[in-house]
Structures are given as C-alpha cells and as structure tokens.
Amino acid sequence: MIKVKDLKFKYQGANQYALDNVSVTIPRGSYVAILGHNGSGKSTFSKLISGLYKPTSGEIYIDGIMIKKNSLRDIRKKIGIIFQNPDNQFIGSTVEDDLAFGLENANVDREKMKKIIQDLAAKVDMENFLDREPNSLSGGQKQRVAIASVLALNPEIIIFDEATSMLDPKGKEDVLKIIKDIQKTREKTLISITHDMDEAIMADYCIVFSKGKIIAFDESKNILNNSKIIEESKIDSPFIYKISSKIDGIKPTYDIEELLENIWK
Ligand SMILES: Nc1ncnc2c1ncn2[C@@H]1O[C@H](COP(=O)(O)OP(=O)(O)OP(=O)(O)O)[C@@H](O)[C@H]1O
Ligand SMILES: [Mg+2]
C-alpha cells in the first residue's frame, strides 16, 4: 500500500508548489492510472513516491514504512520506475549487461540468469539486441530495454511514466499487454501515468491531477464518465465515450457493449 499524507513539493528556485497538499492511498495490487494536463505534477509525484525527491513537507509510506533517509535503500528496492524519456536509464554497456545488473545484485546463479534474460528480452521483443550498446538503440527500443530492466528487478510497485509515448502502435500494444500480464496476478501495484484514455479505462482507479493537486480519485469508469472532471483537468475522454456522445439519442458511455446495445435497441 502507498499512503501519501499532506505532501508538498517545491523545486529549487520555483515560486509555486509543484505538488500542493496531496493526500492519497493506493491499495496494494491495484492498477492505477494517473491523468492530468501537462505540468500538473504527475511526474513529480511519481519521483517523490519512488524516493528520488525529498518532500518539502508531508509524509509518504510504502507498506507502512515512511520514506526517510534510513529506510530509503529498502524502499527503493520495492519500486521500479520507467521514465518518459528512455535516455540515461542504462547502467550496463550492453543490453544483456543492463538486464543482468539487478539479477547479479540479487545473487541469481549464472545459468538461471541467462534464461531469465532471454525470457525478458523476448517479452519486450529485444532478443536480437542483447549484445548492442543501449545508447545505440532507437527511442522505442531503449524504452523496451528500460521496461525489461525494471521487470528483471521484480519490484512490488512499478510506475510507468508515459512509458509508451515513444513507441509505435505495435510497441504500445506490446507494453499494454505486459501491463495486463503483470496485473493478472494482482501481485504488483501498477501506476501508469498516461494521456491515453483507452489505457486509463483498463485501470481499476484513476487519479486526476490539476495544478499540483489531486482533483479526483475514483474507479476509472466513474472518472471517465464525468464530463466535469474531464473538462476541468483538460484530459481527453476514451474513444468509445467520444463516439457515443456524438450520436443523437444515445447515452454517452465508455463501455463498447453498452454502446452496441443502445444502438441496436
Ligand atoms: N526540474 C524542475 N525544475 C523546476 N521546475 C520543474 C522541474 N520539473 C518540473 N517542474 C515544474 O513542476 C510542475 C510539475 O511538473 P511535472 O513534470 O510533474 O508535470 P507532469 O504532470 O508530469 O507534466 P507532463 O504531462 O508534461 O509530463 C510544472 O510546473 C513544471 O514546470
Ligand atoms: Mg510528466
């Protein structure tokens, strides 16, 4: 469980809070989409809960343990984050080294490690790039390696910060499939920052940020059916919702089955 209490954060030299009194509890094993306009504080929030930034004030608890200097090392092991920009996310000199890094730290034996690396690389469609230098890859390929490297560490909480924004439609679909696979077991908490409302509708909950504050937190279908929130936070609505709200005499819905039933009535 992630519990955030009265969190405030101001960047050095800034005159406004990037996060202003944010409180939220994210249940363990849930899949949460974080929505909000550009600059609303989504990435800042994800860096704070990963322990990469220190709160200006307020508290963050991961599984009941407050993030502070002496708990930071243990908490960082629980959280994997894949950033918006795949550059500077690599430690190894080859893709294989990069994937091996976390496994070596966890003392996985050599033979097992080879198999795990092969499987992870195949999962993100990068098995033919294992001996390449990460920085010589395209943006989308880098992003796939970054995802595999985080999966290799097997963290309890995985944060995707617009991880699909560099990917082509096939790449996006692959990553969404990985997210769905992870979610199936319900063993990990998944947080996905996204502008893609067709992804957001897959999540259990949506958190909506606006100007450094959380303005809504509810089940995804409630958020994405709420035109007031959609308007206020300048987020988009899902494709099915957009279509259904354009058809005369049909109640707008996010649910394709409901739309079809209403059309055929
Ligand atoms: N390194 C920084 N130094 C100073 N201000 C920053 C820094 N990073 C972000 N900010 C500011 O903090 C606020 C929140 O930024 P943040 O990156 O969290 O937004 P975001 O919701 O992730 O936006 P986007 O959808 O564009 O990724 C913005 O006003 C931004 O200008
Ligand atoms: Mg961001």
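Q: Is E156 buried, partly exposed or exposed in this predicted model?
A: Let's start with the scale: buried means under 20% relative accessible area and exposed over 50%, with partly exposed in between (1.4 Å probe, protein chains only). E156 has 28% relative accessibility. On that scale E156 therefore counts as partly exposed.

Q: Which residue forms a salt bridge with E156?
A: A salt bridge here is a side-chain nitrogen of Lys or Arg within 4 Å of a carboxyl oxygen of Asp or Glu. For E156 the closest N and O atoms of the pair are 3.5 Å apart. The pair links distant parts of the chain, 128 residues apart, with E156 in the loop between α5 (139-152) and β7 (157-161) and its partner in the loop between β2 and β3. That partner is R28.

Q: Which residues are linked with R28 in a network of salt bridges?
A: R28 counts as exposed, because its relative accessibility is 53%. E156 belongs to the network with R28.

Q: In which helix do K115 and D119 both lie?
A: The side chains of these two residues meet in a salt bridge (2.8 Å, N to O). K115 counts as exposed at 52%, while D119 counts as partly exposed at 42%. They are 4 residues apart, about one turn of their helix, which is α4 (residues 110-123).

Q: Is S40 buried or exposed?
A: S40 lies in the loop between β3 (31-36) and α1 (42-49). Contact means heavy atoms within 4.5 Å, and beyond its neighbours within four places in sequence, S40 is in contact with A18, F209, S210, K211, G212 and K213. K211 is 171 residues from S40 in sequence, yet 4.6 Å away in space, C-alpha to C-alpha. With a relative accessibility of 0%, S40 is buried.

Q: Which residues does Q183 touch, not counting residues up to four places away in sequence?
A: Q183 has its place in helix α6 (residues 169-185). Because its relative accessible area is 15%, Q183 is buried. The residues touched are Y31, L190, M202 and D204.

Q: How many salt bridges does the rule find across the interface of domain 1 and domain 2?
A: The domain assignment, from an automatic or database source, gives domain 1 (2-234) and domain 2 (237-265). The two bury about 640 Å² between them, 64% of it on carbon and sulfur atoms; buried area is the accessible area (1.4 Å probe) that two parts lose on being put together, summed over both. Across this interface the number of salt bridges found is 0.

A note on conventions: residues are numbered from 1 along each chain as its sequence is written, and chains are lettered from A and ligands numbered from 1 in the order written. In this predicted model local features need pLDDT of at least 70, side-chain atom pairs count only at pLDDT 80 or more, totals for chains, interfaces and linings use all residues, and side-chain values use heavy atoms, leaving out hydrogens and water.

Technical notes:
Helices (H or I, at least four residues) and strands (E, at least two) are DSSP runs, numbered from the N terminus.
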